[in-house]
Amino acid sequence: MLYPIENKVREVKNLSGIWNFKMDYNNVGIHEQWQKEPLKDAIPMAVPASYNDLFTDEKDKEHVGYVWYEKTFIIPDSWNGKRIVLRFGSATHHATVWVDGVEAAKHKGGFLPFEADITQQMEESELEEHRVTVALSNVLDWTCIPCGEVIHKEGPGYPEGFHFQETYFDFYNYAGIHRPVKIYTTPKKYIEDIVIKTETEGDRAVVKAWITSNDIIDTVKVIDESGDVVSEKAPKPWNDEDNKYYVEIEMNQPHLWNPKAAYLYKLKVVGKCDSYTETFGIRTIEVTDKAFLINGKEFYFQGFGKHEDSDIHGKGMDEALNIRDFNLLKWMGANSFRTSHYPYSEELMRLADREGFVVIDEVPAVGMCFWDGNSVFAGNRVNNDTLAHHKDMLADMYNRDKNHPCVVMWSVANEAATHEEGAVSYFKEVIETMRNLDDTRPVTMVHTTGPDGDKVSQWLDVICVNRYYAWYNDHAHLDVIGLQLEYEMEKWYRKYHKPIIMSEYGADTIAGFHKMPPVAFTEEFQCMYMEEYHKIFDKLDYMIGEHPWAFADFQTKQGLNRVDGNKKGIFTRNRQPKMAAYMLKERWTKRK
Ligand code: GCB
């Protein structure tokens, strides 16, 4: 799916701003067809944003079920004769969209874009002003990812109708229209999709592009950063299929996209009516038994698992926050991050391309593991619908992010119960699906299960492990970390002979807490904790990366282990440094 851009033949209208909003406390709106009329008693709501933290009342913040959004828009006369598309960057988690009361789109999954072609409706409508209505549900069950369950409890100890949304992941289940809503135009004959792959040999590169278009494509140009057309070629029909074109463009001495030294080319596809310019980078990726190579050079991942999370906005896309985060990453010498635990906004991914951050792109498959020994893959939890949705989300993630040079690896899940028998066929299919979608990037999965129990890593290229020695077990005994870490990593390596990234390790730390000698939750302890890990990373040559958990403190559901959120951030939620930020800066800026 292409990102909406403006050019001489395409226009974009951004519907971000204040929308009408209504809580559907009793979840009756769908039945009563609220979309038929303008919402009654609506209140103002910001888009993009999570709605939860904008309220003052817990009933609103924690509501389980539907909320409704509405906005009016105008289609200018100058758009007559154009194709008109309504596009949501994301709506968390499940949305039905109506335009003037007529269903335009239905989408399941809260972290990827979807769109609706509303051309015909707009052409046939005589209304001056149109109304988009969205019914949005935050309910998670076992048919979607992330999985969840609405728990109902009754009996003498519970008020009538007592229920709540249970989640099995460690971030707050923010909901809302989290990313921009746009209406864009294309000519009626239009370019639908472009897939770009690059290959290099010596100081030459080949850029291959597959174009889906019902417009006749005349030419494809490669444009460098100074705006010069470095190459141009007419594409050929591809496989004699209608609407498909293919072109191969050779380039001499191309500039490579390198980590922290990005070089971005543009591929301009020019049709008879439409044109689209996609950004791409030229870089290679290779994985050996001990290394991850970008452009033939060993790459060591130093960076973070992050979250889209901030005060007030929740998971709402925030360009200022994205810039601040990237500046902090640069300041401390980080070169990479994982989109734990769901694909981040397109705007952030475009920024990562430009700033040269290396990204492990993760699908929202988080929470497929119970810590109490109960099974997730047997019985009536994960089922065929979950698998189908998981595969859909892989396809949507690939279709959205395929041309980003920043994406060097796909992560198909975080912390699934890969020790269970039922996980074997499930993940075999998930990993195969990812590989069938993309033959250019390695595939990983982030583990909690240890090497003895794991049954799926034979199909992965890189092993990612999350570990909290001396935190959740042997709490605060720093002297066990080195021994336990080395013992486990050796086991992983002996079993699979694949490179390993420590994709999470960390200790909750309250900014401003200090103690001598250090104790858990102090800033000193967080530094010492990570230093124990680093000694082992530096010793094992198959360790190819360290991503402390987490970049910044973030909101979670309430729990005995969480004092207003997860405090493992190296930065506070407000993006100010804890002591560990300086420790990591010292380590990462020295390491090259
Ligand atoms: C994990 C999860 C992450 C949690 C973290 C923690 O393994 O992947 O989502 O926030 O542990 O702090 O417990």
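Visitor: Is Pro 254 buried or exposed, and what is its relative accessible area?

Guide: Buried stands for under 20% relative accessible area, exposed for over 50%, and partly exposed for the range in between, with a 1.4 Å probe and protein chains only. Pro 254 has a relative accessible area of 15%, so it counts as buried. This is a predicted model, in which local features need pLDDT of at least 70 and side-chain atom pairs count only at pLDDT 80 or more, while totals for chains, interfaces and linings use all residues. Residues are numbered from 1 along each chain as its sequence is written, and side-chain values use heavy atoms, with hydrogens and water left out.

Visitor: Where does Pro 254 lie, and which residues is it in contact with?

Guide: Helices (H or I, at least four residues) and strands (E, at least two) are DSSP runs numbered from the N terminus. Pro 254 belongs to the loop between strand E18 (244-252) and strand E19 (265-271). A contact is a pair of heavy atoms within 4.5 Å. Neighbours within four places in sequence aside, Pro 254 is in contact with Asp 203, Arg 204, Ala 205, Tyr 265 and Ile 282.

Visitor: How is the length of a helix checked, and what does H8 give?

Guide: The expected span is 1.5 Å times one less than the number of residues. Helix H8 (residues 481-496) has 16 residues and should span 22 Å; its end C-alpha atoms are 22 Å apart, which agrees. Helix H6 (residues 384-401), with 18 residues, reaches 26 Å from its first C-alpha to its last, close to the 26 Å expected.

Visitor: Which residues of H8 are buried?

Guide: They are Ile 481, Gly 482, Leu 485, Glu 488, Met 489, Trp 492, Tyr 493 and Tyr 496. Seen down the axis of H8, these residues fall within an arc of 145°, so they line one face of the helix; the arc is taken over the directions from the helix axis to the C-beta atoms. Leu 483, Tyr 487 and Arg 494 are exposed on the face of H8 turned away from its buried side. The buried residues pack against strand E28 (443-447), strand E29 (462-466), strand E30 (500-504), helix H9 (523-537) and strand E31 (543-546). Just after H8, His 497 takes a positive phi of about 50°.

Visitor: What does the side chain of Glu 488 join?

Guide: A polar contact is a pair of N or O atoms within 3.5 Å; within protein, one must be able to donate a hydrogen and the other to accept it, and residues adjacent in sequence count only if both atoms are side-chain atoms. The side chains of Glu 488 and Arg 467 are joined by a polar contact of 2.7 Å. Glu 488 is buried, at a relative accessible area of 9%. Beyond four places in sequence, Glu 488 touches Gly 450, Pro 451, Val 465, Arg 467 and Tyr 469.

Visitor: What starts H6, and what covers its buried residues?

Guide: At the start of H6, a side-chain oxygen of Asn 383 comes within 2.8 Å of the backbone nitrogen of Asp 385. The buried residues of H6 include His 389, His 390 and Met 393. Their cover includes strand E7 (102-108), strand E27 (407-414) and helix H7 (421-437).

Visitor: How many residues surround the ligand?

Guide: A residue is near a molecule if one of its heavy atoms lies within 4 Å of it. Here 13 residues surround the ligand, and the closest are Asp 170, His 341, Glu 415, Tyr 472 and Lys 568. An N or O atom in the side chain of Glu 415 is 2.3 Å from a ligand oxygen, and a polar side-chain atom of Tyr 472 lies 2.4 Å from an oxygen atom of the ligand. Taken alone, the ligand exposes 320 Å², of which the protein buries 92%; areas come from the Shrake-Rupley method with a 1.4 Å probe, and for residues only the protein chains shown count as cover.

Visitor: Which residues does a cis peptide bond with omega of about -5° join?

Guide: Ser 340 and His 341. Another cis peptide bond, with omega of about 0°, joins Trp 549 and Ala 550. Ala 550 lies in the loop between E31 and H10.
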